[in-house]
Structure formats: C-alpha cells, structure tokens
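Please find below a briefing for a reader who is meeting this structure for the first time. The sequence and the model come first, and the notes follow.

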Amino acid sequence: MESVIEGRVYKFGDNINSDIIIPGRYLIYIDRERLGQHAFEMLGEGFPDKLRSFDILVAGRNFGCGSAREQAATAIQGLGIKAVVASSFARTFYRNAINDGLPIVESPELYAAVEEGDRIRIDLEAGKIQFADKEYSFPKMPESVRKILELGGLAEYLKAQLVK
Amino acid sequence: MTIAEKILSTKSGKASVTPGEIVEAYPDLVMSHTATWRSASVMQRIGATKLYDVDRLAIVLDHISPAKTEKYAADQQTSRNFARNHGVTKFYDVDSGIAHLVLMEAGHVVPGDLIVGTDSHCTIYGSLGALGTGIGYTEVASVWITGKLWLKVPESIRIILNGAFPAGVYSKDLMLHLIGKLGADGCGYKSVEFYGGSVSGLSVSERMTMTNLAMEMGVKCAFVPPDEKTAEYLRGRLQDPARYRAELAMADPDAVYERDIDVDISRLEPMVACPHEVENTKPIGEVIGTHIDQVFLGSCANAKYEDLVVAAGILKGRKINPGVRMIITPGSKQIMLEAMNSGVLQTLIESGGLVTNPGCGACAGDGGTLADGEVCLSTANRNFIGRMGSNKSEIYLSSPATLAASAIKGVIADPREFVK
C-alpha cells in the first residue's frame, strides 16, 4: 500500500449504507472486478461508471452503515478508488476496509471543505491531508491495525503470520 | 465495569479494560451464514488448514435457502463440505432458519459470551446477555485460524425504560422511536444497555427485537442484562446448564456510562420507518392510508413465534385486502413448527397469506422481489433503497401488528383499531 494517495474526489452525503455501495444480489462475487461493475448502481443511471473518473471518495457521517458485507470495501476498490475520507465510518465498514487493504481516513473538517472534483493529497504516514493551501490532520490508526492495511489486507497479513 | 467492558476483559484475559483500549479477545462462538464459502475460500487462498477450535464454529445456511441458482448451490456445497471436512458439529442446513434465531434456540448463546459473525445483526445475542457484533468474511476466517481478533472497548450508554406499552405498541415501535430520535449513528460505536422498570416485563422475543434493531442506530453491541426471563428461556436448551452464569453479563454498581437516555414507553405510539432510511421514522398517524402492494412478515427482527401470534391475533377470522400480497417467512423451523401446532400458521394462510420456508427470505432478496413503483410494508430491520428489488420500489418498516392491520385495510393502518 502506498503511503501517499493523491487525486480527485467524489463527494457523498451522510449515511451511505452498504446496500447502496453493493446490493445484496452481488454478494455471490468476491472479486474486485465484478463487484466494481455494480458498485453504487442503486444511485441510478450513470453509476458506477461515473465514479471511475475519480480517485478518492469523500463522505459525511456513518459511511458504510448497515450490513457487515465485506464486499462493500472490495467493490469500492473495484472502481479504482484508492481511499475513502469520511466524517465518520460505521464500524463494520471500518474493519472491512482495513481487512481489504482500502485506506480510510476520518476527517469531518476535510468533508466540510471539499467539493466534487477537488484534488487532495493524503499522507497516511504523516496523518495529514493537503487540500488547496491548507493541511488537515487526522488521528493515525493504532500500529497493530496499520500493519494489516500496510500488507494489503488481513488475508496477506495472515499469510505472512503463517509463514513465520 | 459495564457489561461490554466486563465481557471484553474476561475474553482478553485482563483484570479490567477502559473505553478506547484495544484488546485481543477470544470469542466463544464464530457464526458464519451464507458467507461461509467466502471464509473457506480465504483459508484455502492463504494455505491455512487448521482451525483454532472447531467447537467455536457455528454455520447456518440462512440467506437464499434453499439455493435458487447453480452459483448459490455450488457455494452452499462448498460450505457443507467445509463443515463436514472439519467436523463442525454446530452446522445447520437450509431447512433450519435464520442463524441468529437458530443459535439462540439451540442453546449456543449464554450470558457473558463473546460472539462474532458475518452479519451486522449479531447484536441480537445481547438479548441473552452475550456480546454479539458483526465482522466480514475474511476476519471470520482469521478468527477460525487464530481464535482471536482485535476489538476496541466501546463506551456504554444506558437506555432506561419505564412504564408499560399501550395496546398495539411493541418493542419494534420503541426501537423505531429511538432510531428516529437518535439517528442512524446516534449510538455509533457504542455499547447500549437496557434498564428500567419496563424491562422485566418484556419477553425474550421483545428483547431480541430491541437488541437487533439497536444495530440501526450504529451500536457495536447491545444488552438486556440477564434475569429470570433469560434463565427461563435457556432452561432445557443448554447441554451444560452450568454454562449459565448471569453474573458474567452484569454491570458493576460503579460502572461508568457516557450518558443515560430515558423513555416512558407508555407514551409511545405505533411507529413506521419510511423509505429509504430506518431513521426516517414517523408516528402511524402521519402515514395512515399510504398505498402498499405487499407486506412481509419476516426477518431476524420480527418473525419469531410471538410476532406470528400477534399478527394472527389480528388476522383471525378476517381476510387481507385483495390488492395486497402477504408473505410470511417464519424465522426458524422451530418457530414454524410451533406456529403449525398452535394453529397460527393456519390462521395466517386462511387470511390470505403465503407462507414460505424459514430463513431470511425477502429481507435478503430471496423471493418477494419488488417491481418498479411497488411498495412493501415489512417487519424487517432495513428499508434501504433497492434492498428488496427495484431501486424504484419502496420499503416501509413496522411491527407485526401494524403489518397485519395494514394487510387487512390494503393501506398502512393503525393496529390499535384491532388490538384492545
């Protein structure tokens, strides 16, 4: 996983639930490619293709609420999205993102500041987001949890543990 | 310590824990449902072959049961083979019902247990004093192999209930009231404990609805502290009765809570959650007369025996409106048998209902699919856009009583007219 992520943001509101991110009927898949083809399709015509031209999702409170489906994180990666910044995350999505190797950052301040299409730069190591000429700091993850993300997810982490 | 603190300290081998602390905890039970094949595929992919403790696994094939396509059939076959090859004794096939209800009925959940599983509504186990919380399928595989996972100790909130429900009002209405008031993340990442004079009078079934719906305000876990009703529910269900130790799920007198929320439940009305978020709740008076095409009496929230009895009590001797189809999906095989023996199923069928096999049913998109523009009133716990079919369909949520009254009228209706 790269420690610096840069790109254009797409902005959602509050309470984007995991049924919206990936509908239940696609949980028969677990691969990024196929899940990405149906990510956010509930939002109507043009989705998910519209999101492919963005790099980072920004959302309000409680992103990923609802179902514990891990494929919500996988589907977002399937769109080519490199990170999600939200005011807050639902706990199951938070865990699934880490376990799936999708970087997530909590920053209500950045959510309030950005608009669709803005470019931001996230430095996971430093715990800072750069937008326009301002810096937004965010709390770093606990070291033990960050290791999972750094290795690209829990499966890779487990594999490394098994080899030891 | 609060109940969540007590359970997390016990399961991580610590004398005490405080909110915000991250612990490595060893769950007593790891539940996986239809997602089992995904966890099995993770094990295969990383080359793991050994389980930490096979007796801690519980597998229930509940979503999409029986299989409706070859893909589902193949996935279920993978799950069955996994269970057989590893000697998983707590394996329940497609005939059994919804995982949560099946595991509680079978006596696999006792006060003080830590239970994780591939389903957000694992919070329901708190109805029996167990800490239940949802995780993804990769993490389930990880707990299968290592026996443990990291968990953050949540802050706790007390919800204090006083008074008694008026006729026609149930714990579903209480929860919709709370979710509407507090919001979808009103208790985000918190542990909730229910107290107050009302609680001892609430059945285990009502408590299941409470701890299940608590998920929709963002909780990590929710509890009703064990009491005589809990003991009574578990009597005869436990292989080893000594496993019942209520004190493992009792908060200390000096436990620290983030806040208290007081509710006088005698002042509540029937509530309905409107499309497309559970927090979008309204008192029944504001939605009476809303058009419906289908009603769904099902899900882990409200398809227990008591729920079927409440609906049948209203439907007995009456017919549902010809403009409405009524789908009834009992929560488990045991519930279905009980409803069959007592005549409740007959009442529901004679009133015009379609009874399906037990399981998650239409709540998980298995049958009862909605077409463009259709409206469903459901006793489930989620009304998210497209959850039951078209993204141009709508789902309202209510109690079984409101559902039964509405099925008769053909539009959303007040159950108090039928329940005195």
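The notes below go from the chains to their contacts, then to helix packing and backbone details.

This is a predicted model, in which local features need pLDDT of at least 70 and side-chain atom pairs count only at pLDDT 80 or more, while totals for chains, interfaces and linings use all residues. Residues are numbered from 1 along each chain as its sequence is written, and chains are lettered from A and ligands numbered from 1 in the order in which they are written. Chain A has seven helices and seven strands, whereas chain B has 13 helices and 18 strands. Helices (H or I, at least four residues) and strands (E, at least two) are DSSP runs, numbered from the N terminus.

**Chain A**

- Read from the N terminus, the elements of chain A follow the order β-α-α-β-α-β-α-β-α-β-β-β-α-α.
- Chain A has a radius of gyration of 15 Å, close to the 15 Å that the globule rule gives for 164 residues, so chain A is as compact as a globular protein of that length. The radius of gyration is taken over C-alpha atoms, and the globule rule is 2.2 Å times the number of residues to the power 0.38.
- The C-alpha trace of chain A spans about 45 × 45 × 25 Å along its principal axes.

**Chain B and its domains**

- Chain B has 13 helices and 18 strands; its radius of gyration is 21 Å, close to the 22 Å that the globule rule gives for 420 residues, so chain B is as compact as a globular protein of that length.
- Along its principal axes, the C-alpha trace of chain B spans about 55 × 55 × 40 Å.
- Three domains make up the division of chain B: domain 1 (21-151), domain 2 (154-235 + 247-268) and domain 3 (271-417). These bounds come from an automatic or database domain assignment.
- Between domain 1 and domain 3 of chain B, the C-alpha centres lie 28 Å apart.
- In chain B, 15 residues of domain 1 are in contact with 13 residues of domain 3; two residues are in contact if their C-beta atoms, placed from the backbone, lie within 7 Å.
- The side of domain 1 of chain B that touches domain 3 of chain B comprises five nonpolar, six polar and four charged residues. Ala, Val, Leu, Ile, Met, Phe, Trp, Tyr, Cys and Pro count as nonpolar, Asp, Glu, Lys and Arg as charged, and the others, Gly among them, as polar.

**Interface between the chains**

- Contact between the chains involves 37 residues of chain B and 32 residues of chain A.
- On the side of chain B that touches chain A, helices α2, α3 (70-86) and α5 of chain B each supply at least two residues.
- The largest share of that side, five residues, comes from α5(B).
- By class, the side of chain B that touches chain A has 14 nonpolar, twelve polar and eleven charged residues.

**Helix packing in chain B**

- Helices α2 (residues 36-46) and α5 (residues 137-146) of chain B pack at an angle of about 60°, with their axes 8 Å apart. Axes are lines fitted to C-alpha atoms, for helices over the stretch in contact, and angles run from 0 to 180 degrees between N-to-C directions.
- α2(B) and α5(B) are therefore oblique to each other. Angles under 35 degrees count as roughly parallel, over 145 as roughly antiparallel, 65 to 115 as roughly perpendicular and the rest as oblique.
- In this contact, R38(B), S39(B), V42(B) and M43(B) of α2(B) meet Y137(B), T138(B), V140(B), A141(B), W144(B) and I145(B) of α5(B).
- The residues of the contact of α2(B) with α5(B) comprise seven nonpolar, two polar and one charged.
- The axes of α10 (residues 305-315) and α13 (residues 400-409) of chain B come within 8 Å and cross at roughly 30°; α10(B) and α13(B) are therefore roughly parallel to each other.
- D307(B), V310(B), A311(B), I314(B) and L315(B) of α10(B) make the contact with P400(B), A401(B), L403(B), A404(B) and A405(B) of α13(B).
- The contact of α10(B) with α13(B) has nine nonpolar, no polar and one charged residues.

**Backbone details in chain B**

- Most residues other than glycine have a negative phi, and most peptide bonds are trans.
- The peptide bond from S65(B) to P66(B) is cis, with omega near -10°, and P66(B) is found in the loop between β3 (57-60) and α3 of chain B.
- The peptide bond from P275(B) to H276(B) is cis, with omega near -5°; H276(B) is found in the loop between β12 (271-273) and β13 (281-283) of chain B.
- Y189(B), although not a glycine, has a positive phi of about 65°, and Y189(B) lies in the loop between α6 (171-182) and β9 (191-195) of chain B.
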